[in-house]
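Please open the structure in your viewer and keep the selection tool at hand. The tour below goes from one selection to the next and says what is found at each stop.

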Amino acid sequence: MAATECKHNAEDRGVALATQNWVEKVIMKYNICPFARREVERNSIRYKVAEQHQLEAVLNELVDECHYLEEHPQTETTLFILPRGFEGFYQYLDLVDIADALLIDQGFEGVFQLASFHPDYCFEGEETSSAANYTNRAPYPTLHIIREASMERALADYDDPESIPERNIAFAERKGEAFFVKLLQSCKQAD
């Protein structure tokens, strides 16, 4: 799995594998994130499945994961996967808001930032069925913990980073919803 493999039960291993498949078969393959390939090839992505599903316990696990990243600089990033408790998109968005505030309260402002992904992700103003939403849809609710210093370096070396979301949305709209539904389903199937 990853250089920083987590200990998971069989069900959670499947969740982590589906997320890894998503990173490799969607995010990297279609260049949704132009910075993913390097970390996949370096095997520096940690896939951590949350053991808890209650808000406070999940937030504690998230902070623990930030400490893990501080102590393990060879791990570039963590995908903190939430297969239980945050299936509802709006409940998940509440978690994202609280988690962002918690990182600031815990002294991680300027160190880490969160990117959010959810199976039902829907951009404000978009129809639920809009293919554009698939740029932020993942097999499971996921908080991506990103090192801010690494992101700043990557963006500095990338021509026109502001165009990435627009390019991704145009790609998603060209491919259409059915393409992405099938692609996400394939991520959950065993290799």
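The second largest pocket has a volume of about 160 Å³, where a pocket is, on a 1 Å grid over the protein atoms alone, an open set of points where a 1.4 Å probe fits, with protein on both sides within 12 Å along at least five of seven lines. Grid points are joined across faces, edges and corners, and the volume is the space filled by probe spheres set on the points. To see its lining (residues with an atom within 4 Å of a point), select Pro 119, Tyr 134, Arg 137, Ala 138, Pro 139, Val 181, Leu 184, Gln 185 and Lys 188. This lining divides into six nonpolar residues, one polar and two charged, with Ala, Val, Leu, Ile, Met, Phe, Trp, Tyr, Cys and Pro counted as nonpolar, Asp, Glu, Lys and Arg as charged, and the others, Gly among them, as polar.

This is a predicted model, in which local features need pLDDT of at least 70 and side-chain atom pairs count only at pLDDT 80 or more, while totals for chains, interfaces and linings use all residues. Residues are numbered from 1 along each chain as its sequence is written, and side-chain values use heavy atoms, with hydrogens and water left out.

Select His 118 next, in the loop between S3 and S4; helices (H or I, at least four residues) and strands (E, at least two) are DSSP runs numbered from the N terminus. His 118 counts as buried because its relative accessibility is 0%, buried meaning under 20% relative accessible area with a 1.4 Å probe and protein chains only. Leaving aside neighbours within four places in sequence, the contacts of His 118 (heavy atoms within 4.5 Å) include Phe 86, Tyr 92, Arg 137 and Ala 138.

Now move to strand S4 (142-147). Six of the six residues of S4 are buried, so the strand is largely enclosed by the rest of the structure. Thr 142, His 144 and Ile 146 lie on one side, and Leu 143, Ile 145 and Arg 147 on the other. S4 pairs with S2 in the antiparallel sense over four bridges, where pairing requires that DSSP finds at least two bridges between two strands, and Ile 81 stands opposite Thr 142. S3 and S4 also run antiparallel, joined by six bridges, and here Ala 115 stands opposite His 144.

His 144 leads on to the largest pocket, as one of the residues closest to its centre, together with Cys 33, Phe 35, Ile 146 and Met 151. This pocket has a volume of about 980 Å³, and 36 residues line it, of which 23 are nonpolar, eight polar and five charged. Elements that each supply at least two residues of the lining include helix H1 (10-28), strand S3 (112-117) and helix H6 (163-175).

Within helix H1, select Ile 27, which counts as buried because its relative accessibility is 9%.

Notes:
Buried < 20%, exposed > 50% of the residue type's maximum accessible area, 1.4 Å probe, protein only.
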